[in-house]
Amino acid sequence: QVQLVESGGGLVQPGGSLRLSCAASGSIDSIVVMGWYRQAPGNQRKLVATADHYGTTNYEDSVKDRFTISRDVVKGTVLLQMNNLKPEDTDVYYCYAWYRGDFWGQGTQVTVSS
C-alpha cells in the first residue's frame, strides 16, 4: 500500500508562483508513476503532470510552458512548481501514484485571484 501526504497550496495573484509538495510512504519501490491532478467542484479530475521513475514527464498542454514536475524516486517525493498562474488554474490539486491501481493524496486548494 502507498500513502500520499501533500503540502502547499494557497491564494496567489494572477502571474504569481506556487510550489506543491507530496511525500509517499509504504511500498515506495512499487510506484511506477507519480504526478498531479486537479479538480474543480462539479468537474472530473484532470491530469496536470506525471513523472515515471526514469525521469520521463508528461504535461497537460495548458500548463506545459508554465509548470514543472520533479520526482525523487529514492525519497518517494514529487514536486510541482507552478509559475505564471492564471485564474483558470484555480482547483483542488491532488497528488497521485500508480502501481496496479490508483493512490491519491487528500488534496490541496489552489486559488488564483486578484
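Mentor: Start with W98, which is partly exposed at a relative accessible area of 35%. Keep in mind that this is a predicted model.

Trainee: What does W98 pair with?

Mentor: W98 forms an aromatic pair with Y99. The geometry is edge-to-face, with 6.5 Å from centre to centre and 70° between the planes.

Trainee: And Y99, how accessible is that one?

Mentor: Y99 has 34% relative accessibility and counts as partly exposed.

Trainee: How many aromatic pairs does the structure hold?

Mentor: The structure holds 4 aromatic pairs. There is also an aromatic cluster, made up of Y37, Y96 and W104.

Trainee: Which charged residue sits over the ring of W104?

Mentor: That is R45, whose charged end lies 4.5 Å from the centre of the W104 ring. R45 also lies over the face of Y94, at 3.6 Å from that ring's centre.

Trainee: OK, charges then. How many salt bridges turn up in the whole structure?

Mentor: A search of the whole structure gives 3 salt bridges. As background, side chains of opposite charge can pair when their charged atoms come close.

Trainee: What is the distance in the one between D89 and R38?

Mentor: The closest N and O atoms of D89 and R38 are 3.0 Å apart. This pair links distant parts of the chain, 51 residues apart. D89 is in the loop between strand 8 (77-82) and strand 9 (91-98), while R38 is in strand 4 (residues 33-39).

Trainee: Are those two buried or exposed?

Mentor: D89 counts as buried because its relative accessibility is 1%, and buried means under 20%. R38 is at 12% relative accessibility, so R38 counts as buried too.

Trainee: Which salt bridge does R38 form with D91, in terms of distance?

Mentor: The side chains of R38 and D91 meet at 3.7 Å, N to O. D91 lies in strand 9 and R38 in strand 4, so the pair ties together parts that are 53 residues apart in sequence. D91 is buried, with a relative accessible area of 9%.

Trainee: And what about R66 and D89?

Mentor: R66 forms a salt bridge with D89, and their closest N and O atoms are 2.8 Å apart. R66 is in the loop between strand 6 (57-59) and strand 7 (67-72), and D89 is in the loop between strand 8 and strand 9, so parts 23 residues apart in sequence are tied together. Both R66 and D89 are buried.

Trainee: Switching topic. What is the strand order in the open sheet of 4 strands?

Mentor: The order is 1-3-8-7, and the pairing is antiparallel. The edge strands are strand 1 (2-7) and strand 7, each of which pairs on one side only. On average, neighbouring strands of this sheet are turned by 15° against each other, direction ignored.

Trainee: How many bridges join strand 3 to strand 8?

Mentor: Strand 3 (residues 18-26) and strand 8 run antiparallel and are joined by 6 bridges.

Trainee: Which residue in strand 8 is the bridge partner of S21?

Mentor: In strand 8, L79 is the bridge partner of S21.

Terms used:
Residues are numbered from 1 along each chain as its sequence is written. This is a predicted model: local features need pLDDT of at least 70, side-chain atom pairs count only at pLDDT 80 or more; totals for chains, interfaces and linings use all residues. Side-chain values use heavy atoms; hydrogens and water are left out. A salt bridge is a side-chain nitrogen of Lys or Arg within 4 Å of a carboxyl oxygen of Asp or Glu. Helices (H or I, at least four residues) and strands (E, at least two) are DSSP runs, numbered from the N terminus. Buried means under 20% relative accessible area, exposed over 50%, partly exposed in between (1.4 Å probe, protein chains only). Two strands pair if DSSP finds at least two bridges between them. Axes are lines fitted to C-alpha atoms, for helices over the stretch in contact, and angles run from 0 to 180 degrees between N-to-C directions. Rings of Phe, Tyr and Trp (its six-membered ring) pair if their centres lie within 6.5 Å; planes under 30 degrees apart count as stacked, over 60 as edge-to-face and the rest as tilted. A charge sits over a ring if NZ of Lys or CZ of Arg is within 6 Å of the ring centre and within 35 degrees of the ring normal.
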